[in-house]
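Good morning, and thank you for coming. I would ask you to look at the sequence and the structure on the screen while I speak.

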Amino acid sequence: RHAAITRATDAALVTLVAHAGGGVAGAWLRVQADAVHDLRARGEDAAALSVAEAALVAHARTALVDAARERRALENLRGIRHAAWQAHARRVEQREHDEIAPRRVTGVSMTSARP
C-alpha cells in the first residue's frame, strides 16, 4: 500500500515538473502540488498504519505462542494425573485381589478337608 502511494506520488511529481516548463496556469500547478502533498501524507499514514499493524500481528503471535505453551502444559498435567489415577486403580485392584485370594485358598482347603 505504501509502495503504491509512493509510486503515485512520484508519477504526479514527474507530471508536475513536465508541465511546469510548458507555461501552465498557476491554478493547475496548485492543484497538482496539492495532489502531490496529499499523496505524500497518505503514504506517511499508510507507513504508520503498517507499523501499527505489524505490532498488532507481533502481539497476536506472542499471545498464540503463550496459549500453545499453556495448552501443552495442561496436556502434560492431564497425562500425569491420568498416570497417577491408573497407578492408584492398579493398586486398588491388586489389594482387592490380594484380599480375595487367601479366602479362596482357605475355602478350597476347608472344602477338600471335608469327607
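**Charge and surface**

On the surface, Glu93, Glu96, Asp98 and Glu99 gather in a patch of negative charge. Asp and Glu count as negative here, and Lys and Arg as positive, while His and the chain ends are not counted. A patch takes residues with over 30% relative accessible area and no salt bridge, joining like charges within 9 Å and nonpolar side chains (Val, Leu, Ile, Met, Phe, Trp, Tyr) within 5 Å. The place of a charge is taken as NZ of Lys, CZ of Arg, CG of Asp or CD of Glu.

Please note that this is a predicted model, in which local features need pLDDT of at least 70 and side-chain atom pairs count only at pLDDT 80 or more, whereas totals for chains, interfaces and linings use all residues. Residues are numbered from 1 along each chain as its sequence is written, and side-chain values use heavy atoms, with hydrogens and water left out.

Glu99 sits in helix α2, which covers residues 26-113. Helices (H or I, at least four residues) and strands (E, at least two) are DSSP runs, numbered from the N terminus. Glu99 has a relative accessible area of 45% and is therefore partly exposed; buried means under 20%, exposed over 50%, and partly exposed in between, with a 1.4 Å probe and protein chains only.

How many salt bridges does a search of the whole structure find? The search finds two, a salt bridge being a side-chain nitrogen of Lys or Arg within 4 Å of a carboxyl oxygen of Asp or Glu. One joins the side chains of Asp66 and Arg69, at 3.1 Å from N to O. These residues are three apart in helix α2, so about one helical turn separates Asp66 from Arg69. Asp66 is partly exposed at 33%, as is Arg69 at 47%.

In another salt bridge, the side chains of Glu75 and Arg71 meet at 2.9 Å, N to O. Both belong to helix α2 and stand four residues apart, about one turn of the helix. Glu75 is partly exposed at 41%, and Arg71 likewise at 43%.

I turn now to nonpolar side chains. Leu74, Leu77 and Ile80 form a nonpolar surface patch with about 310 Å² of accessible area together, computed by the Shrake-Rupley method with a 1.4 Å probe, where for residues only the protein chains shown count as cover. Ile80 is in helix α2 and is exposed, at 57% relative accessibility.

Finally, the whole chain. The protein chain has two helices and zero strands, and 9% of its 115 residues count as buried.
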